[in-house]
Amino acid sequence: MAMFFQGDKVEVCSKEEGFLGSYYQAKILSPLNDNTLYRVQYKNLVEEEDQTRPLVEIVSTEEVRPVPPPVTFTKATQVFHYLDSVDAFDNDGWWVGKISGRQGSKYWVYFETTGDEIAYPVSRLRHHLEWRDGHWILANNTFF
């Protein structure tokens with residue numbers, strides 16, 4: 001289990017229905033209850049009643065992971081292949097999906113949680129990484 005400290009940048013994985021498979025950038029405001037909970041402030045989400053204020057929530061340790069490292073590619077290798085697991089930036093967060101096709105410079109992404117299929121430019125996609133036992137793992141089990 002990773003331990004986070006005040007000021008750490010993290011991603012919070014939503015467990016709410018309709019938001020499953022989405023990750024939102026946040027920073028730790030304070031660890032709580034012996035690091036089993038964290039008070040976080042979201043980077044892109046705002047309070048419902050005052051949309052000028054960033055949303056602050058208390059989330060469980062299981063919902064928090066470090067920000068994934070940037071995966072460096074050359075222009076020649078910055079491509080995605082059919083059924084690659086990716087994160088697509090949409091609706092203020094990163095949503096997990098699979099590449100289902102390509103049309104020109106856009107990639108189609110299928111989202112199992114919603115059944116939607118949406119085209120994205122490569123600038124709004126990243127390879128999906130899982131945080132397991134203190135290591136980043138690419139879909140093909142490559143450790144970072």
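Guide: We may begin with a definition: a charge sits over a ring if NZ of Lys or CZ of Arg is within 6 Å of the ring centre and within 35 degrees of the ring normal. In this predicted model, the charged end of Arg126 meets that description over the ring of Trp94, 4.1 Å from its centre. Likewise, the charged end of Arg65 is placed over the ring of Tyr23, at 3.8 Å from the ring centre.

Visitor: With which side chain does the side chain of Glu11 make a polar contact?

Guide: The partner is the side chain of Arg126, at 3.0 Å. Glu11 belongs to strand β1 (residues 9–13) and is buried, its relative accessible area being 0%. Beyond its neighbours within four places in sequence, Glu11 has contacts that include Tyr23, Arg65, Trp94 and Arg126.

Visitor: How is a pair of aromatic rings described?

Guide: One gives the distance of the centres and the angle of the planes. Seven aromatic pairs are present here. One of them joins Tyr24 and Tyr42 edge-to-face, with 6.5 Å centre to centre and 85° between the planes. Because Tyr24 lies in strand β2 (residues 22–32) and Tyr42 in strand β3 (residues 37–46), this pair ties together parts 18 residues apart in sequence. Both Tyr24 and Tyr42 are buried.

Visitor: Why is the pair of Trp131 and Trp136 called tilted?

Guide: The planes of the two rings stand at 55°, with the centres 4.9 Å apart, so the pair is tilted. Trp131 is partly exposed at 28% relative accessibility, whereas Trp136 is buried at 7%.

Methods: Residues are numbered from 1 along each chain as its sequence is written. This is a predicted model: local features need pLDDT of at least 70, side-chain atom pairs count only at pLDDT 80 or more; totals for chains, interfaces and linings use all residues. Side-chain values use heavy atoms; hydrogens and water are left out. Rings of Phe, Tyr and Trp (its six-membered ring) pair if their centres lie within 6.5 Å; planes under 30 degrees apart count as stacked, over 60 as edge-to-face and the rest as tilted. Helices (H or I, at least four residues) and strands (E, at least two) are DSSP runs, numbered from the N terminus. Buried means under 20% relative accessible area, exposed over 50%, partly exposed in between (1.4 Å probe, protein chains only). A polar contact is a pair of N or O atoms within 3.5 Å; within protein, one must be able to donate a hydrogen and the other to accept it, and residues adjacent in sequence count only if both atoms are side-chain atoms. Contact means heavy atoms within 4.5 Å.
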